[in-house]
Amino acid sequence: MIYNDISFKDGIQLKVNSPWPLVSASPHNDGVFAFSSFDAMFDTPILSSAEILTHEYEVEGCMFYLHLNAMQDVVKDSLVEDFRSFTKAQFLDFKAFPTNEFHFIVLGLPYPYLHGVEHLNSTVIVLGPNKRYLDSQYFRLLSVASHELYHTWNIKTIRPQEMLPYRFQEPNYSSLGWVYEGITTYMGDYYLLKAGLIDSSSFLTILSQLIQTHVDNPGRFSMSLCDSSVDTWVDGYVLGTPGRKVSIYNEGALFAFMLDMQIRQSTQIKMTLGTFMFTMYNEFAVKGLGYSERDILELLKSMCSKDFTEFFDRFLHQANGYESGLSAALEFLGLEITMKPSESVFEATSGIRVKTHHAPYLIDALAVGGPG
């Protein structure tokens, strides 16, 4: 049994009494943790468990710890090296890490689940069932881990003005969710490609799935990506009203892809979205400054000798389909989008998509203007 005692006499002290080992990115003295601020305490997950298996690796003088709880079935020979590979790939672009160490705390569950939460020097990843992440879903483990590591730079240190400092007493509204979640989603998987953990075909499959989700969502004609970012505070990360908004993850990642291709094309591939984020880190995070959309536009203009205002207005500020922008981005790579009817005759003719794993006939989506 765990008993937590919090004291505010000398800074903030948290005492954790437990018969099991403790895992945390914060040092402690016999279960007593000291924090300099309320924010630091809230940003420090602590795990106490009898089923912790810890691995470690080093990249550029920084230590990384991989704590697996109830995940013995997921341990495979390449696990640590795969984590080291995407970590090195991210280091290669940023050339520095905000902290001296980082902890991946991975919690295994017996039922289907996948979620990750970022912290400055750690992340908590929850996934299950365990054995799926040893084989068929192993990529998902690497994907969410790469995503959460990238957050150490993008949102924990590179922050919008509205979130610097973070205010716990009220919602921190921001229209820049496409930066801190969209770019992170895109770059997290991109670094798996760059590290050789997935091939180009797998990366294009990921991109295709993002595009399919975008096309399936009529919300793209109802609310812009920037407005959806603000609206995320209202109803969270759930769908909310059907067809009302888009996702700062899905549409944010697609915008990041289009922006990456724009940067590459404008600079004859001398610069990339990775170059842009490296500059954002040094111009804002290192200096303790928050950024605005105007800052982003000015930085892009200085990098690419091109004004991105119209591009931002079209794909960020207007409720818009991304088909034309995606086609242009893919054309730069010598690729194109091919549309084809659904393999389900019922879906193709009625415009009704159903799921069968929750109920015999559960309507999942309706095509706008279709017979359904």
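This is a predicted model: local features need pLDDT of at least 70, side-chain atom pairs count only at pLDDT 80 or more; totals for chains, interfaces and linings use all residues.
## Ground rules

Local features need pLDDT of at least 70 and side-chain atom pairs count only at pLDDT 80 or more, while totals for chains, interfaces and linings use all residues. Residues are numbered from 1 along each chain as its sequence is written, and side-chain values use heavy atoms, leaving out hydrogens and water.

## Two helices crossing

Let's start with the helices (DSSP runs of H or I, at least four residues, numbered from the N terminus, just as strands are E runs of at least two). Helix 4 (residues 177–194) packs against helix 7 (residues 250–266) at an angle of about 75 degrees, and their axes, which are lines fitted to C-alpha atoms over the stretch in contact, sit 7 Å apart. The angle is taken between N-to-C directions, on a scale from 0 to 180 degrees. That makes helix 4 roughly perpendicular to helix 7 (the label covers 65 to 115 degrees).

Contact means heavy atoms within 4.5 Å. On the helix 4 side, the residues involved include W178 and Y190; on helix 7, F255 and R264 are among them. The contact residues divide into ten nonpolar, three polar and two charged (Ala, Val, Leu, Ile, Met, Phe, Trp, Tyr, Cys and Pro are nonpolar; Asp, Glu, Lys and Arg charged; the others, Gly among them, polar).

## A look at L366

L366 lies in strand 13 (residues 362–366). With 42% relative accessibility, L366 counts as partly exposed (between buried, under 20%, and exposed, over 50%, using a 1.4 Å probe and protein chains only).

Leaving aside neighbours within four places in sequence, L366 touches G351, I352 and G372. R353 is 13 residues from L366 in sequence, yet their C-alpha atoms are 6.4 Å apart.

Key:
Angles under 35 degrees count as roughly parallel, over 145 as roughly antiparallel, 65 to 115 as roughly perpendicular and the rest as oblique.
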